[in-house]
Amino acid sequence: MSGEKREHLYKILVIGELGTGKTSIIKRYVHQFFSQHYRATIGVDFALKVLNWDPATIIRLQLWDIAGQERFGNMTRVYYKEAVGAFIVFDVTRASTFDAVVKWKQDLDSKVQMADGSPIPCVLLANKCDQQKEGLVNNPPKMDEYCKEKGFTGWFETSAKENVNIEEAARALVSKILLNDKLLHGNDTKDPTKIALDPNGKANGEPPNGKSCAC
Amino acid sequence: MMIQSRCSTETSCDNEKPNLQDVSECSNANSSFSCSVTNNSKSVPLNELLEKIPLAYSPLTKQLHILYPKQEASEKVVDGFESLKSRENINSSNNYLNSDEQLEDEMSNASTQEMVVSHCEGDGSSLSSETSHQLEEGLVDDSNKRKKKGIGSFFSRGVFLWKNRDSPASSAATYTSSPGWKFFSKSVFDHSLSSVCPNDEEIATASSVSPLGSPTSLRSSASSSKRYEDVIASSSALILHDRPANLPAKSVDEEAKHKQEYEQMVEAAKKRERQEARIKKKQMQQQIKTEERLAHATKIWLTDILPKWSSVMSSRKIQNLWWQGIPPCVRGKVWLLAIGNELNVTPELYEICVTRAHELLKTVSNTTSCDSGTEIDNPDRQASVELIQLDISRTFPQLCIFQKGGPYYDILHSLLGAYACYRPDIGYVQGMSFLAAILILNMEETEAFVCFANLLNRPCHMAFFRLDQAMMQAYYSVFEQLMADNLPKIHCHFLKSHLSPDLYLLDWIYTVFAKAMPLDVACRVWDVFLRDGEEFLFRTALGVLHLYQELLLGFDFLVGAQFLTKLPEDLNADNLFLSIQGIRMQRYSDLLTMYRSTCVASSGSYCSTTNSSGTNTPIELN
C-alpha cells in the first residue's frame with residue numbers, strides 16, 4: 001500500500017562459444033556457487049534472478065542459457081525472440097572464442113531488435129579471468145575501443161569461479177535496459193515485450209502491475 | 001565379549017566423547033540394549049561404561065551410531081568372525097585402553113582408513129577392497145578390456161544405489177542410518193551383488209576375495225542386517241542441563257514445565273527417527289524385492305531369450321518382460337541385438353576412424369591456424385574434434401569417470417572422434433556425448449560404436465543431428481498434436497504460457513532423456529525406446545507431462561521450463577511407466593506422414609535428409 005512496487009520482467013540471453021562458462025556465470029549469479037561439473041547445455045536452459053533494484057522496483061531477469069555450438073545457429077532465432085538484453089561470453093584463455101564474438105554479435109543483432117529497430121543492449125564478458133589471458137583482453141584500452149566500435153554496452157573481466165564482476169556486469173546491463181525503457185516509453189505507454197512474455201503469469205500474484213511495467 | 005572390545009576400540013576413535021545423557025538416550029533406542037546400560041551405570045565408572053557401549057562416531061555422518069553385533073546373527077560368517085577375532089587380539093594387546101588420556105592418544109593415532117577397515121572386517125571388506133582395486137586398475141591400465149568391462153558393470157550396477165543416495169527422500173539422516181560407513185557397508189554390497197547374474201565373472205572374483213563368498217551366506221547376512229537394523233543413537237545432542245548454580249533457581253513449576261518440554265522434544269525426535277527407520281526398512285524391502293525380480297529376470301534373459309533372440313523376441317511374454325526393464329547386466333547384450341547393425345559397421349572400420357580422429361587431433365593441436373587444409377571439410381571436422389574435447393568432461397560429470405584422467409575419457413573421446421570421421425557431413429553435435437556415454441556404460445567400446453552409428457542413423461535422430469529444421473518442426477508438430485489428444489489441459493496451459501515443445505523436447509530427443517532424467521530411469525526408457533523405436537521418445541515425453549500434470553498446471557513459463565529441462569531426482573521409473581502406459585499413440589505414423597509432407601513442402605529441405613539416412617555414405621576408406 002505505502003510504496004507500490006514496480007515490477008519488470010526482462011528476458012536476457014546468454015550466448016557465446018561452447019565451453020566459455022555461460023552456465024557457470026548464470027549459476028554463480030543466481031545460486032551463488034561454482035562447480036567444475038556442469039553438464040553441457042543442449043538447446044537452452046533457464047534461470048530466474050530477482051533483483052530488488054531500488055525500494056520501488058523489482059526486476060525479474062529471465063536468463064536464457066543457450067547452447068554454444070555454432071550448428072544450433074538456425075534454432076536460435078526462436079530463442080532470441082523478445083529478448084531485451086544479452087551477454088556475450090568468451091573465454092580469455094582461448095583466443096578463438098574471442099574471435100567468434102563478432103559473429104555472435106551480428107547474429108544477435110540480425111535476429112532481435114528493440115521496438116525502434118536499434119540493437120538490444122549487450123554486455124561482453126571476458127570470462128575465466130582468474131586464468132592466463134590470451135589476446136586483446138590484455139589491453140583494456142583496446143578492448144574499450146573494440147566494444148565501442150562493435151556496439152557493446154560495455155565489457156567486464158569476469159570469473160564465475162572467483163565471483164569477479166558478475167554482479168557488476170549484470171547491473172550495467174540492467175541499467176542500460178532501464179534507460180532504454182525510459183527513452184522508449186516517453187511517447188509510448190504500452191510495452192508489447194513484457195505483455196507477450198507474461199500473458200497470464202506473475203501479474204496474478206501481484207495484481208495490476210502490468211501498467212507499472214510500462215514505466 | 002569380543003564384540004564389545006571391538007566396539008570399544010571404535011568408540012575410542014570417537015572424538016566427541018559422549019556424555020551420559022547421550023548414552024541414556026541411545027539406550028532407549030533399543031530396549032534390549034538399555035537394560036545392560038542401566039545395570040552397568042550403577043556400578044561402573046563412566047569411562048569404563050563408555051567403552052562397553054558399542055558406540056562409534058562416523059565422520060561421514062557426524063553422528064553417533066550404535067553398533068549391533070551383526071556377526072552373531074549368522075553362523076555362516078564364522079570365517080569373518082575368526083579373522084575378526086585374531087585382529088581383535090592384536091588390537092587388544094596393542095591398544096586396549098582404559099584411561100581418558102590413552103583414549104585421546106588412540107584417537108589421534110587411528111587414521112580414518114584404519115577405522116573403516118576394521119569396522120568392515122566381518123561384512124564388507126570384500127567390497128571395499130575389490131572396489132578400490134578395480135578403480136585403480138581401471139585408472140592405471142586402460143588397455144585391459146576385461147577390467148574395463150568390470151568397472152563398467154560396476155558403475156552401471158551402482159546406478160540404483162547412487163540414485164537412492166542422491167534422492168532427496170533419503171536425507172542425510174536416513175541415508176546414514178544403515179550400518180556405519182555406508183559406502184562399504186554390507187547392504188550396499190548385497191544390493192550390488194544380487195543384481196548381478198550368478199555366473200558373471202564379477203562374482204567369481206568377488207567370492208575369491210570375500211570370506212563370505214557363497215551366495216547363501218550373502219543372503220543370510222542380508223537378513224541379519226535387517227534384524228539388526230542400525231539406529232541413530234544421537235542425531236541432535238539435545239541435553240537438558242541443570243541450571244548453573246550462580247543463577248537463581250527455577251521455580252518448581254518452571255522446572256517441571258521445562259522438563260516436560262524437554263521430554264516432548266526428545267520424544268518427538270525419537271518418533272521421527274522411528275518413522276524414518278520404518279520408511280527406510282520399507283525402502284529396503286522394496287529394494288530387495290526389486291533385486292530379486294531382476295535376478296529372476298536375468299536368468300530368463302540369459303537362458304530363454306538371448307540364445308534364440310530372433311525367434312522369441314516378438315513374443316508377448318518377452319515384450320512384457322522387456323517393458324519391465326532389462327536387468328543391468330544383460331542390458332548391453334539386449335541393446336546390441338535390438339539396435340542391430342544395418343550399416344554393417346565393422347571393428348576394422350572403427351579402428352580406421354579412431355586412427356583418423358587421432359591424426360586429426362594431432363594436426364589440430366600442432367597447427368591451430370591451418371585453415372588452408374587439404375580437404376574441403378577439414379576446418380569443420382577440426383572444429384568437431386575440438387568441441388568433442390570440451391564436451392567429454394561435461395558428460396555426466398557427477399559420475400566422475402568421463403573427466404580428463406578418468407577411466408572413460410579416452411573411450412568417449414575416441415568414439416565421438418571416430419564418428420565425426422565416419423560421418424563428416426554430420427560431425428559432432430552437442431548431445432551426442434550423452435548418447436555415446438550411455439552406450440559405453442553398458443557395453444564394450446567397439447560395440448558401443450556400432451550401436452551409436454546405427455542409432456544415429458534412425459530417421460528421427462538423423463533429422464535432429466543434421467539440424468534439419470523442417471523435419472524437426474514436423475516432429476514438434478506431431479508431438480503437439482499428440483499432446484492435444486492425450487493431455488488437453490496441459491496442452492492448453494503450455495500454449496497460454498508460451499512453453500513450446502522445442503524448448504524441452506530438443507534436450508530429451510538429443511539425449512534420449514539421459515540428461516534430464518536420473519540415470520537409472522533413463523536406462524529403462526532406453527530399454528523400451530530400443531524396442532519400440534522413435535515413437536517411444538514422444539510417448540515417454542507425454543508420459544512425463546502426464547506424470548507431473550498437476551504440478552505443471554501450476555507453473556508459469558519459467559518454472560515449467562526449468563522443471564522440464566531437469567526432471568526431479570526422485571523420478572520413479574515404475575510411476576513413469578504407468579504414466580506412459582496411458583498414453584495413446586495410434587495416430588503417430590499418420591501424423592508424422594502428414595506433417596512431414598507439409599513441413600517439407602514449405603521448406604524443401606527434406607530430400608537431402610532422408611535420402612542420405614537411407615543410403616548411408618560411409619567415408620572413403622583410404
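The axes of α1(A), residues 22–31, and α6(A), residues 166–184, come within 10 Å and cross at roughly 90°, with axes taken as lines fitted to C-alpha atoms over the stretch in contact and angles running from 0 to 180 degrees between N-to-C directions. I25(A), R28(A) and Y29(A) in α1(A) meet I166(A), E167(A) and A170(A) in α6(A), where contact means heavy atoms within 4.5 Å. By class, I recorded four nonpolar, no polar and two charged residues in this contact.

I keep in mind that this is a predicted model, in which local features need pLDDT of at least 70 and side-chain atom pairs count only at pLDDT 80 or more, while totals for chains, interfaces and linings use all residues. Residues are numbered from 1 along each chain as its sequence is written, chains are lettered from A in the order in which they are written, and side-chain values use heavy atoms, with hydrogens and water left out.

I then turned to β3(A), residues 57–66, where 10 of the 10 residues are buried, so the strand is largely enclosed by the rest of the structure (buried means under 20% relative accessible area with a 1.4 Å probe, protein chains only). I found that β1(A), residues 6–16, runs parallel to β3(A) and is joined to it by nine bridges, with Y10(A) opposite L61(A). On checking β2(A), residues 44–54, I noted antiparallel pairing with β3(A) over 10 bridges (strands pair if DSSP finds at least two bridges between them).

Technical notes: Helix = DSSP H or I, 4+ residues; strand = E, 2+ residues; numbered from the N terminus. Nonpolar A, V, L, I, M, F, W, Y, C, P; charged D, E, K, R; others polar. Buried < 20%, exposed > 50% of the residue type's maximum accessible area, 1.4 Å probe, protein only.
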